[in-house]
Amino acid sequence: MAPQSRAVQRIASAREVERETDEASRSERQGPRGPLDSAPVTRLRETRIRDNVWVWTLGGETMATSYGANCTAVLGWDAVLLVDPFITPAHARRVERALREKTSLPLRHVVLTHHHTDHALGAGWFAARGKEVVAHRACRDRMGVEHPGLVFSRRCEPEVADLFRDAEPYLPSRTFEEGLTLDLGGTRARIIHPGHNHTPGDAVVHLLAESVVVCGDLVSNGYHVNYEDAKVKNLERGLETLRALGAGAYVPGHGPTGGIELLDAQARYHREVREAVLREANADAALDRVRTVFPDHLLGAVLPSALAAWRSSEQSPDS
Ligand SMILES: [Zn+2]
């Protein structure tokens, strides 16, 4: 049984409660404000998956909604841990306000599952306020190489310039190689590096007492996979690592939380993409085949790079 923080307001019997919060109006009276906080915004959707664990998403598949990524909060008796607070400080502030509706306990750790900006860049808001940001060493390295240029280029794009106006490149303050355990008082989070799967610096968060795993983009539920930094031959093994943890709930990087069936579905997706690359005569035919099998996966722009990753993997035994 997960510990119940004194500061957590109990929600009647339902184990899982989903609700939508209108942050646009709430931001008028709560929390620190900054650019964009008064702009019309997409609703922040909240799912309570345990008494002390919440998942938020803005849904959708654009930068304005952090590509529908998930942000997870865990409350212990002493402190709060956040995972992947979205793509910009404006989004992170919305998470902060939603969190403050639940508890006044201090935010002690922000964990990044990998360096992709929809998971890592928003945490700069907390880093700038002295909060500890935890990431794998390779995640930190890639942030240092990629984020300054990405922030600069997005500030130059008229459609998203406002969103990134106060985004700043930063580096995590604490790194690890194999893993580490974080104590929140009454509950602990094991941070595990599953090897190079989705990216070189992947981390997954195992909440032992809650039987929850926060998977980052090792798992996407009903959403495409961005393979551009993946080591595709390790993906199956990464899913087996998650399966071996035997959790009751898996929080994917994108899409709704589920059980172990999410891992099966993800393995099938990888297999189908690989088969399409190997069996179809050209890229268009392969794309058509994947779209036919997964019509709802918001395949968008990343599928061509996905096929390229699998094709180069087949040609190079080390990739
Ligand atoms: Zn990613």
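A64 is partly exposed, with 19 other C-beta atoms within 10 Å; the cut-offs are 20 or more such neighbours for buried, 12 or fewer for exposed, and partly exposed in between, with C-beta atoms placed from the backbone. A64 is found in the loop between β3 and β4, and its C-alpha atom is separated by 9.7 Å from that of F164, 100 residues along the chain. This is a predicted model, in which local features need pLDDT of at least 70, side-chain atom pairs count only at pLDDT 80 or more, and totals for chains, interfaces and linings use all residues. Residues are numbered from 1 along each chain as its sequence is written.

**Confidence and overall make-up**

- The mean pLDDT of the chain is 85, and 83% of its residues reach 70 or more; pLDDT is the predictor's confidence in each residue, from 0 to 100.
- Over residues 1–40, pLDDT stays under 50, and the model has 78 contacts beyond four places in sequence for that stretch.
- Two residues are in contact if their C-beta atoms, placed from the backbone, lie within 7 Å.
- Of the contacts in the chain with a separation of 6 or more, 66% are between residues 24 or more positions apart.
- The chain has nine helices and 13 strands, which are DSSP runs numbered from the N terminus (helices H or I, at least four residues; strands E, at least two).
- Of the 319 residues in the chain, 46% are buried.

**Helix α7**

- Helix α7 covers residues 261–279, 19 residues in total.
- From first C-alpha to last, α7 reaches 27 Å, close to the 27 Å expected at 1.5 Å a residue; the expected span is 1.5 Å times one less than the number of residues.
- L262, L263, Q266, Y269, V273, R274, A276 and V277 are the buried residues of α7.
- Seen down the axis of α7, these buried residues fall within an arc of 160°, so they line one face of the helix; the arc is that of the directions from the helix axis to the C-beta atoms.
- The other side of α7 carries the exposed residues E261, D264, R268, R271, L278 and R279.

**Nonpolar core**

- The largest nonpolar core has 80 residues, and V205 and Y250 have the most contacts inside it.
- The largest share of this core, six residues, comes from α7.
- A nonpolar core here is a set of buried Ala, Val, Leu, Ile, Met, Phe, Trp, Tyr and Cys residues joined through C-beta atoms within 7 Å.
- Leaving aside neighbours within four places in sequence, V205 is in contact with V83, V111, A189, I191, V213 and V214.

**Strand pairing**

- β5 and β6 run parallel and are joined by four bridges; two strands pair if DSSP finds at least two bridges between them.
- V80 stands opposite L107 in β6.
- Four of the five residues of strand β6 (residues 107–111) are buried, so β6 is largely enclosed by the rest of the structure.
- Strands β9 (residues 179–183) and β10 (residues 188–192) run antiparallel and share five bridges, and D183 has R188 as its bridge partner in β10.
- The hairpin of β9 and β10 has four residues between the strands, and G185 there takes a positive phi near 85°.
- β10 and β11 are antiparallel, with four bridges; V205 in β11 is the bridge partner of I191.
- β11 also pairs in the antiparallel sense with strand β12 (residues 212–214), over three bridges, where V214 is the bridge partner of V205.
- β11 and β12 form a hairpin with four residues between them, and S211 in the turn has a positive phi of about 55°.
- Both faces of β11 are covered: V204 and H206 on one side, and V205 and L207 on the other, are all buried.

**Buried loop residues**

- S66 lies in the loop between β3 (53–57) and β4 (70–75) and has a positive phi near 55°, although S66 is a residue other than glycine.
- S66 counts as buried, with 30 C-beta neighbours inside 10 Å.
- F86, in the loop between β5 (80–83) and α2 (89–100), is also a non-glycine residue with positive phi, near 70°.
- F86 is buried, with 29 other C-beta atoms within 10 Å.
- T199 lies in the loop between β10 and β11 (204–207) and is buried, with 24 other C-beta atoms within 10 Å.
- Not counting residues up to four places away in sequence, T199 touches H114, H115, H116, R142 and D229.
- The C-alpha atoms of T199 and E228 are separated by 8.4 Å, and the two residues are 29 apart along the chain.
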